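These are my notebook entries on a single chain. I record what I looked up, entry by entry.

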Amino acid sequence: MSNKVFCDLATEQALLGTLALLSDGTQKIRELFIAVEDFHNERHRIIFKTMRELSDSGSPIDYIILSHTLREKNMLPKVGGDEYLRELICREFTTVNYRYYEKIIRELATKRKFDELSVAFQDRLSRGDDSTEISDFLTEYLGNLKSQGTNDNQDFLSKALISASEIRALDIKIEWALYGLIPLQSITLLAAPAGMGKTTLALQVAEAIATGAEFLGLKTTQRPVVYIDFENSLPVIAERLRRLVIKVINLWLSSNKIPPSRLDTKDVEYYKKLPAGAVLIFDTLRASHGLDENSSRDMQIIMQKLKELRDVGFTIVLLHHTLKANDKQYKGSTAILDLCDQSLVLSKVRKGTDVELNDDTDTADFCYRVGTSQKTRYQPIKVHLEFSPEKGFYRAADPVDTILEQIRDLILGFDKTPNQSAIVEAAKKLELSRKQVLTLLKKGNNRFWTADKGVKNTITYSVVPMNWNNRGENVHLNTPQTRTETELSSCSGGIETTNSTNHLQKRKNTHLRCVSGVVQLFPSLYSTENCTTAPEAILQSNFPKNTGITEQLNKDATLSVNPPSDDPDFIDLDYLSGGSN
């Protein structure tokens, strides 16, 4: 070895100390391309090797864990004991420079290798080796250096890149914690003015996801939920949980023995200890850290922490405030919106319309709307809501759906399946232009009606039957409902339907109509619909014989289903016309 010294102990100490200080140091070690042998100091080689082993096992890295691991391996004395380790890790380093520290150490390691080559070359010359022996030695030595460089590059490429075909072959797809609103493994921003009801809505969403129950007519994927509240006091939270009947979710409150970790501290690592795949709801984003929400740099740091949680399987929901003067404008830096995956806004709208109202608008004729706003990586969605202090938020009629139902009413009024021109003409009574009707026909396709090609490439429309689920919400079906294995029996004031399990069927505000031997269900706003097949034939073709009908129904009978009673298993059907009791 020459007298030249190619090492920098201070830089080696800085890299090791920084890796222990970084909240994501475990991940950062996996991304480094530095080898154990690149460290000049033997103590530092042992420490880095131990750090890498901890990283490979998924363990966090700090002074306590590193000291314990070295002690178990009987290596602690070789690195200078606890005193040196504590001095190394507890010093203040500029953590953002760890990549520069790595570069310096690798460059010095390369210089040491060439210095070793120079010394070895001089030794072979001085001892009289012939040119062939020297050439073979140089070829082998340089080949080893090149191979090491190639291996480093291949290691980099294997970690940094993935082919499109590999991604296509992955068994993954977009899934939803709450369909349309909250994607799984995403960062979703839910914003509203102060006092609009963000916390109430978020608690209801949390309970639905935790139990796997539908909410607002939308399906959920059951997941553990942790509600992380930095703002509300324990009495306020307790009152809301009782009122909304929230029972299943877990809450991490500021009043807990261990309060929730701030996102701008090293303690953010504790979130990774929460149940795997959980939905984490932060109330609010502003209160979850101590940085400047108007600073792009600061918000990039916070959103990066949240992205790391997302990328290990968590679903993040951030409650956030909008500006008082503009309900659509989020408070803080644009980095918040830029770095989230889905942005939702809860706002007031005039009932029966989509016209937004200011929070201080003096009117009782309003409802709420939650939906995608300025950004989505998925699909736009808007859901209209009503609110009551006792029940919280529940689904309201969508004004667009109201118009679509009116168009469906028009379609049902035709004697034969109508085409576009006929529907456009009929829709004039609704004061809709041709362009509006064509747009609405597309919007309602496969929900309220189906479009089929008719004669000479005309498009005709057939209504999709409707069912009502056990919450009184409409579920559109693409095929008529055929009542099989069902008994119909007459009773005072109407007809009961009983299925094979003896549970009475519930139908809300619905007509039964018979078409080509099939009993279908339609909303009651469609007055009467004549049967095209005699009811007796329908009963024989679709229900078991001897169904208990005591009197034959007339051909033009239409049955109407009354709204359900408080008993979820009871229904009563009355005749609108033409039947007998």
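Predicted model: local features only at pLDDT ≥ 70, side-chain atom pairs only at ≥ 80, totals over all residues.

In which loop does Thr-284 lie? I placed Thr-284 in the loop between β6 (279-283) and α11 (296-311).

I found 16 helices and 23 strands in the secondary structure of the chain. The chain has 581 residues, and buried residues make up 44% of them. I then turned to the contacts with a separation of 6 or more: residues 24 or more positions apart account for 63% of these.

I recorded the pair by angle and distance, because two packed helices are described by the angle between their axes and the distance between the axes. Helix α1 covers residues 9-21 and helix α6 covers residues 98-126; their axes come within 9 Å and cross at roughly 140°. I therefore list α1 as oblique to α6, since only angles over 145 degrees count as roughly antiparallel. The crossing in which α1 passes α6 is left-handed. Which residues of α1 meet α6? I listed Thr-11, Glu-12, Ala-14, Leu-15 and Thr-18 on the α1 side, and they meet Tyr-98, Tyr-101, Glu-102, Ile-104 and Ile-105 in α6. Sorted by class, this contact of α1 with α6 holds six nonpolar, two polar and two charged residues.

I repeated the look-up for helix α4 (residues 63-72) and helix α5 (residues 81-89), whose axes come within 10 Å and cross at roughly 150°. That angle makes α4 roughly antiparallel to α5. From α4, the residues Tyr-63, Leu-66, Ser-67, Leu-70 and Arg-71 meet Asp-82, Leu-85, Arg-86 and Ile-89 of α5. The contact of α4 with α5 divides into five nonpolar, one polar and three charged residues.

The phi of Asn-74 is near 60°, which is a positive value in a residue other than glycine. Is Asn-74 buried or exposed? I class Asn-74 as exposed, because its relative accessible area is 61%.

I located Asn-446 in the loop between α15 (434-444) and β14 (449-453). Its relative accessibility is 48%, so I count Asn-446 as partly exposed.

How many disulfides does the count come to? I counted a pair of cysteine sulfur atoms within 2.5 Å as a disulfide, and the count comes to zero disulfides. I also looked up the accessibility of two cysteines. Cys-340 is buried, with a relative accessible area of 0%. Cys-367 is buried as well, with a relative accessible area of 2%.

Definitions and conventions: Residues numbered from 1 in each chain as written. Heavy atoms only, no water. Axes fitted to C-alpha atoms, helices over the stretch in contact; angles between N-to-C directions. Helix = DSSP H or I, 4+ residues; strand = E, 2+ residues; numbered from the N terminus. Parallel < 35°, antiparallel > 145°, perpendicular 65-115°, else oblique. Left-handed = near helix turned anticlockwise from the far one by under 90°. Contact = heavy atoms within 4.5 Å. Nonpolar A, V, L, I, M, F, W, Y, C, P; charged D, E, K, R; others polar. Buried < 20%, exposed > 50% of the residue type's maximum accessible area, 1.4 Å probe, protein only.
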